[in-house]
Structures are given as structure tokens and as C-alpha cells.
Amino acid sequence: MRHVLLQFKPEKGRFKENLARLSGHLASLRPLRPQVVVLPEAALTGYFLQGGVRELALTGEELYEAVLSAYRGAGLEEALDLVVGFYERDGGAYYNSAAYLELPHRIVHVHRKVFLPTYGVFDEERYLARGSRIAAFNTRFGRAGLLICEDFWHSLTSAILALDGAQILYVPSASPARGFYGKVPDNVARWRVLAQSVAGEHGVYVLLSSLVGFEGGKGMSGGSLAVGPEGRILAEGPLFEEAAVVLDVDLDRIPPVRYDSPLLSDLRATLPLLLDDLKRVVEP
């Protein structure tokens, strides 16, 4: 499966312009013949919208129609799967969501961000509703899962998706650079550790696509990366600039890796023994 992690730099609040730029990027990728393109969190609007979420949020169908127009404008003829983060409107509620689209045919899955950071420079819960479900889903290539940014920083979410059969975890992110003490910002170093740990523990691919650009004085770091089921980094994007990170994913690598390191099967066998304790610690 040929993947492209499209490390995208949106113009804040300018949906139509960002959609046109996406179409141009897709056209430039045609010679590579990608099968899945992964965009970051809030890729077509920018992340720090605050009250602007209400004006720029879309229904899932509206997003699909808009992205379909970009796909057609790029002159693509072969089917293309696309992961894209967006602000979603559903009735009177607004969500930080990510969609898996199979173009030109259908919406496959929409995930609503469960963990809304509301600390430091983040203020999501003031403007957004929480998602309440984490589930894997079937694509034309295999079984996948979607997590958005902080969702991935909690080990339980990845475990749920792996137990639900996910072979690939797609992680759209918008991560402001912070902690400039080493060779890379601390948040980028943390993403590397998390992605390698999750991939190695569960025998899954982790594909992280990170936003770049400056919004309100905050610089999105980039540093998109792909990690294989052994826990090794397969590809990595640059910092602070747009890029297309290209890699091939081989799902046939997963069974032998899980055979040699059966941590996921051990978790599946043991989890029923721990459910009473899990219930005990979450219900006073």
C-alpha cells in the first residue's frame, strides 16, 4: 500500500483556498500513484479557530463533497483513500473530527476526538463537544483505526483499536512546538517515543501526519512519521515545512511480528481478568 503523509500548511480560516492547494498537492502526487494520503488535524481550516469553528465546521457529507471536488480537480482517475482532519457540525454540536474517505465512492468512517486538551495554549473543550466512541473500521486494504492528536497520548485508546482488529493507526495531529532543549522540540521527541511504543506493543503500523505553519504566534512543528509493527521508524518528515512523506506499508509483516512478540494476544487473554478492577477504579 503506497502511503503519503501530506504535511500540510493551511491558511487559517481560508477553507476554499486550502481546498485548492490540496487539489494542487494531489495533482503533484499523481506520478507516485498513492493509494492512501493522510492529512493532519484541522488540515483545511487551521487549528486555532476558537469561535470560528462555528462558521467553518462542516457535516461529513459537506466535507466529502468538497474533498471530492479537489480529487476531481487534480485529474485523478484511480481510487484514492484520504484521511483528513476537520471541524464537524452535527445538529447543534461541533466536534474535532477526522474522516477516512474512499474517493470517489464513499465516507468510510468518521472519528470524533475524545480527549480535548484544555490547558496551556489549548482551549478545545470551550468550543467543542467530546467524542464518545473509539472503534476500528474496514477499508478496502485492511482494518484501520483513527485517533486525533491527544487521543493517541493515552495508551488505552490504541489498545482498544488493536484489540478491535486495527492493523494501521492513522493519527492526524496539530502539535505546537515546545521545549527547545534538544536536537528537536520536546513534543516531537515525545511523539517518536509514543509511536514506537504503541507500534511495538501491539504490532501495528502508526502513521502520524502533523500540521505545519504559524497560527497566532504558535508554530506547528511537523515531524510526521511512520512506524512499523516492530516499533522502528520507517520514514519521517522535516520540521516546520510542508512535505510529502512517501512509504509503502506491508500488512503481511504484522502476523510474524505478533507471533514473535505476542503482547496483543496476551492482553486479549488477560483483559477479562482485569475488567473488575477497571470498573472499580472508574466508578466510585
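1. Through how many residues does a hairpin join strand 4 to strand 5? The link consists of two residues. This is a predicted model. Strand 4 and strand 5 (residues 106–112) run antiparallel and are joined by six bridges. Within this pairing, Ala99 is found opposite Val110 of strand 5.

2. Strand 4 also pairs with strand 3 (residues 80–90), again in the antiparallel sense, over eleven bridges. Here Tyr94 of strand 4 has Arg89 opposite. The hairpin of strand 3 and strand 4 has two residues between the strands, and Gly91 in this hairpin takes a positive phi near 65 degrees.

3. Strand 4 itself covers residues 93–103, and ten of its eleven residues are buried, so the strand is largely enclosed by the rest of the structure.

4. Helix 5 (residues 155–163) has Thr157, Ser158, Ala159, Leu161 and Ala162 as its buried residues. The cover over these residues includes strand 7 (143–146) and strand 8 (168–173), together with helix 6 (186–202) and helix 8 (263–282). Just after helix 5 comes Gly165, with a positive phi of about 100 degrees.

5. Ser221 belongs to strand 11 (residues 218–221). Its relative accessible area is 1%, which is under the 20% limit, so Ser221 counts as buried. The side chain of Ser221 makes a polar contact with the side chain of Asn187, at 3.1 Å. Setting aside neighbours within four places in sequence, Ser221 is in contact with Ser175, Ala177, Asn187, Val188, Leu211, Val212, Pro238, Leu239 and Phe240.

Key: Residues are numbered from 1 along each chain as its sequence is written. This is a predicted model: local features need pLDDT of at least 70, side-chain atom pairs count only at pLDDT 80 or more; totals for chains, interfaces and linings use all residues. Side-chain values use heavy atoms; hydrogens and water are left out. Helices (H or I, at least four residues) and strands (E, at least two) are DSSP runs, numbered from the N terminus. Buried means under 20% relative accessible area, exposed over 50%, partly exposed in between (1.4 Å probe, protein chains only). A polar contact is a pair of N or O atoms within 3.5 Å; within protein, one must be able to donate a hydrogen and the other to accept it, and residues adjacent in sequence count only if both atoms are side-chain atoms. Contact means heavy atoms within 4.5 Å. Two strands pair if DSSP finds at least two bridges between them.
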